[in-house]
Amino acid sequence: MGRVNFGVSAFFVFCLLGLTANAKVFNIGARPGSDITQVLLKTFNEACQFPTKSTVLIPKGEYMLGEIEMMGPCKAPIRIALQGTVKADGNVKGKEKWVAFRNIDGFKLNGGGVFDGEGNAAWRVNNCHKTFNCKKLPISIRFDFVTNAKIRGITSLDAKNFHINVIGAKNMTMEDIKIVAPAESPNTDGIHLGRSDGVKIINSVIRTGDDCISVGDGMKNLLVERVTCGPGHGISIGSLGRYKHEENVSGIKIVNCTLRETDNGLRIKTWPSAACSTTASDIHFENILLENVSNPILIDQEYCPWNQCNKQKSSTIKLANISFKKIRGTSGNKDAVKLLCSKGYPCQNVEVGDVNIKYNGKDGPATFQCSNVSPKLVGTQIPKACSSPVTKPK
């Protein structure tokens with residue numbers, strides 16, 4: 001009887017650790033406090049060449065980790081079980097990334113651990129939020145061409161630049177992710193995605209100094225559900241149109257989310273005098289709770305930070321099949337809804353349904369503004385739709 005209980009207990013422990021009995025476990029075997037860059041890379045490469053499922057285990061404890069790139073393809077599915085905390089150094093001299101996972105199929109990252117980007121020193125010298133002519137700082141975690149992946153239960157803390165960047169992914173799920181940085185930390189986007197297909201971000205909390213989630217060109221079939229965002233700059237599609245050879249965006253669903261004290265809410269932004277002509281379509285926001293969110297609903301096809309474009313030229317990015325449904329709560333300014341579409345390519349098939357956004361400021365009441373769009377209105381509209389026409393800039 002005792003032997004049976006031991007077996008059940010052992011199996012239970014393995015489940016808690018995120019390990020399975022049929023996966024070979026490769027423990028990095030490092031002392032807490034040590035630099036694990038080389039041993040982690042060596043252990044990963046060994047596991048990557050193992051012929052069946054494998055797990056790389058980073059046990060509880062605090063470790064130093066330098067720039068590292070874990071590259072596939074691997075011979076079988078592989079898992080990183082991060083139970084401890086890995087810390088970057090405070091050096092602001094520039095690499096493009098800190099931790100990168102590349103060209104891996106059947107990848108898992110879990111374990112409840114923390115990636116600590118040690119961004120405090122870097123934020124003081126980061127001026128990329130003020131000018132394009134700046135030195136880029138390293139992204140904390142990159143997933144490049146990672147497919148059939150599950151990222152679960154990890155924390156990204158104090159990134160120097162973006163927390164997580166995803167490109168070229170297919171069939172990836174991120175769940176129970178926690179992203180934390182101060183509201184004043186510049187360019188610390190929570191999760192940035194582009195040129196990927198079939199990504200889900202579920203049941204996560206993002207508190208940072210820039211966009212909680214930002215969607216770049218080429219993104220298809222993205223689901224964001226049960227995400228709490230704030231502080232930060234909200235959830236953003238774009239900016240789009242800054243570069244040549246950008247790709248279309250389609251199939252974006254943002255549902256059942258909460259935004260708190262963010263500088264923007266639900267935003268689509270494209271450049272005037274765009275460098276390309278693409279389409280962003282089938283973008284849907286539904287059942288969103290707002291708590292003191294500035295610019296809660298915003299389509300901005302005149303996005304031009306630092307006057308780096310010609311606003312006299314209409315954006316050539318086409319927006320179509322967009323909906324905002326069941327958006328409710330409070331605004332931090334009177335601009336509750338602004339739909340500023342391109343004069344050259346007016347927005348097509350925009351639906352606004354059951355919006356109830358209140359503003360209690362002295363300069364109120366809240367307004368709902370439209371330019372170059374005739375939205376389809378369904379249900380209740382608070383504030384009254386298109387009650388304050390937008391004056392085009394001279």
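**Charged pairs, stop by stop**

Start by selecting Glu96: at 47% relative accessibility, Glu96 is partly exposed (between 20% and 50% relative accessible area; under 20% is buried and over 50% is exposed, with a 1.4 Å probe and protein chains only). This is a predicted model, where local features need pLDDT of at least 70, side-chain atom pairs count only at pLDDT 80 or more, and totals for chains, interfaces and linings use all residues. Residues are numbered from 1 along each chain as its sequence is written, and side-chain values use heavy atoms, leaving out hydrogens and water.

Arg102 is buried, at 12% relative accessible area.

Next, select Asp144. Which residue does Asp144 bridge to? Arg102 forms this salt bridge too, with the closest N and O atoms 2.6 Å apart. Arg102 lies in strand 7 (residues 97-102) and Asp144 in strand 10 (residues 139-144), so the pair ties together parts 42 residues apart in sequence (strands are DSSP runs of E, at least two residues, numbered from the N terminus). Both partners, Arg102 and Asp144, are buried.

Last stop: Glu247 and Arg195. Their salt bridge has its closest N and O atoms 3.3 Å apart. Glu247 sits in the loop between strands 20 (235-240) and 21 (249-260), and Arg195 in the loop between strands 16 (191-194) and 17 (197-207), 52 residues apart. Glu247 is partly exposed at 37%, and Arg195 is partly exposed at 35%.

Across the whole structure, a search finds 17 salt bridges.

How values were computed: Salt bridge = Lys/Arg side-chain N within 4 Å of Asp/Glu carboxyl O. Helix = DSSP H or I, 4+ residues; strand = E, 2+ residues; numbered from the N terminus.
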